[in-house]
Amino acid sequence: QVQLVESGGGLVQAGGSLRLSCAASGRTFTSGWFRQAPGKEREFVAGIRWSGGTIAYAESVKGRFTISRDNAKNTVYLQMNSLKPEDTAVYYCAATQRRTTNWALGPYDYWGQGTQVTVSS
């Protein structure tokens, strides 16, 4: 069983930046970031494979968010720039040891507890 712990959320003004971290207790092959805003369904934000060479982003964050990983630390990052009020949500890290997981649909076997990101206008 792999445990995921997110950190780095907070309150920021529109146009600002935040970096989220997701530390895993073990190795995982595919990692992703999801978010859920109040009253909305959870949505895929970004994903990355073990090598770091295969990455995917939701259209709404392309060009603003960057996902990366440090395999030596079993940690995945989400650098969020040019934040907008509509980025406000609880952000969740997800991971799996599967090699063929669909980015948005999963399945992901492990989930973090979530970290709140609030962007003020």
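Guide: Aspartate 87 forms a salt bridge with arginine 35, and their closest N and O atoms are 2.9 Å apart. The term salt bridge denotes a side-chain nitrogen of Lys or Arg within 4 Å of a carboxyl oxygen of Asp or Glu. Aspartate 87 belongs to the loop between strand 8 and strand 9 (89-96), whereas arginine 35 belongs to strand 4 (residues 30-36), so the pair ties together parts that are 52 residues apart in sequence. Helices (H or I, at least four residues) and strands (E, at least two) are DSSP runs, numbered from the N terminus. Both aspartate 87 and arginine 35 are buried; buried means under 20% relative accessible area, exposed over 50%, and partly exposed in between, with a 1.4 Å probe and protein chains only.

The model is a predicted one, in which local features need pLDDT of at least 70 and side-chain atom pairs count only at pLDDT 80 or more, while totals for chains, interfaces and linings use all residues. Residues are numbered from 1 along each chain as its sequence is written, and side-chain values use heavy atoms, with hydrogens and water left out.

Across the whole structure, a search finds five salt bridges. One of them joins the side chains of lysine 62 and glutamate 59, at 2.8 Å from N to O. Lysine 62 has 45% relative accessibility and therefore counts as partly exposed, while glutamate 59, at 63%, is exposed.

Another salt bridge links arginine 98 to aspartate 109, with 3.1 Å from N to O. Both residues lie in the loop between strand 9 and strand 10 (110-111), so this pair ties together parts that are 11 residues apart in sequence. Arginine 98, with a relative accessible area of 41%, is partly exposed, and aspartate 109 is likewise partly exposed at 35%. Salt bridges that share partners also join Arg35, Glu43, Arg64 and Asp87 into one network.

Within strand 8, threonine 75 is the bridge partner of alanine 23.

Definitions and conventions. Two strands pair if DSSP finds at least two bridges between them.
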